[in-house]
Amino acid sequence: KHSSVYSMQETRWNYAGMAAYYWTLVLGQLGAAMATTTTRTSLFSYGLPNKWLNVCFVFEVLLAAGIIYLGPCQRLFKTEPLTAAQALLGCSGLVAILLVEELRKAYLRRGDNAREAKAAMLLLEAE
């Protein structure tokens, strides 16, 4: 069905769907940027020390929220405001990316620790 024959309710649902997709995409990109800050060190111990990147994160979230929740931006970008539940559901991409990446880093660190322990044992045996 072409969008020109959508009812008003269908149009609003379509716009809400576009807003939900955009919000999830923005948060997924934030998750990817955070996850790739280090290759092995946990983000929870490393933190986010890059102040300019943090400013960009805040700007990106505020810009996305403006596009979704401010009337003039809604009309321009054809979005509808998300409910709190929909916005939280959009955070799932960010959480999933960070979780998978933290598990990957933990696995790599475990391998690093095993290799270090084996090297130490070999050094002790050589003495």
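Entry 1, helix pair. I note that α1 and α3 are roughly antiparallel to each other, because angles over 145 degrees count as such and their axes cross at roughly 175°. The axes come within 10 Å. Here α1 covers residues 8-35 and α3 covers residues 51-69. This is a predicted model.

I listed the residues that make it. From α1 I have Ala19, Tyr22, Trp23, Val26, Leu27, Leu30, Ala33 and Met34. From α3 I have Phe57, Glu60, Val61, Ala64, Ala65, Ile67 and Ile68. I sorted them by class: 14 are nonpolar, none is polar and one is charged.

I looked up the largest nonpolar core and found 15 residues in it. Trp23, Leu30, Met34, Leu94 and Leu98 have the most contacts inside this core. At least two residues come from each of α1, α3 and α6 (92-126). The largest share, seven residues, is supplied by α1.

Leu98 is then in contact with Gly31, Met34, Ala35 and Leu43.

I checked its length. The 35 residues of α6 should span 51 Å at 1.5 Å a residue, and the end C-alpha atoms are 51 Å apart, so the two values agree. I then looked up which residues of α6 are buried: Gly93, Leu94, Leu98, Glu101, Glu102, Lys105 and Asp112. These buried residues pack against α1, α2 (43-46) and α5 (84-90).

Methods: Residues are numbered from 1 along each chain as its sequence is written. This is a predicted model: local features need pLDDT of at least 70, side-chain atom pairs count only at pLDDT 80 or more; totals for chains, interfaces and linings use all residues. Side-chain values use heavy atoms; hydrogens and water are left out. Axes are lines fitted to C-alpha atoms, for helices over the stretch in contact, and angles run from 0 to 180 degrees between N-to-C directions. Helices (H or I, at least four residues) and strands (E, at least two) are DSSP runs, numbered from the N terminus. Angles under 35 degrees count as roughly parallel, over 145 as roughly antiparallel, 65 to 115 as roughly perpendicular and the rest as oblique. Contact means heavy atoms within 4.5 Å. Ala, Val, Leu, Ile, Met, Phe, Trp, Tyr, Cys and Pro count as nonpolar, Asp, Glu, Lys and Arg as charged, and the others, Gly among them, as polar. A nonpolar core is a set of buried Ala, Val, Leu, Ile, Met, Phe, Trp, Tyr and Cys residues joined through side-chain atoms within 4.5 Å. Buried means under 20% relative accessible area, exposed over 50%, partly exposed in between (1.4 Å probe, protein chains only). The expected span of a helix is 1.5 Å times one less than its number of residues. Lists of a residue's contacts leave out its neighbours within four places in sequence.
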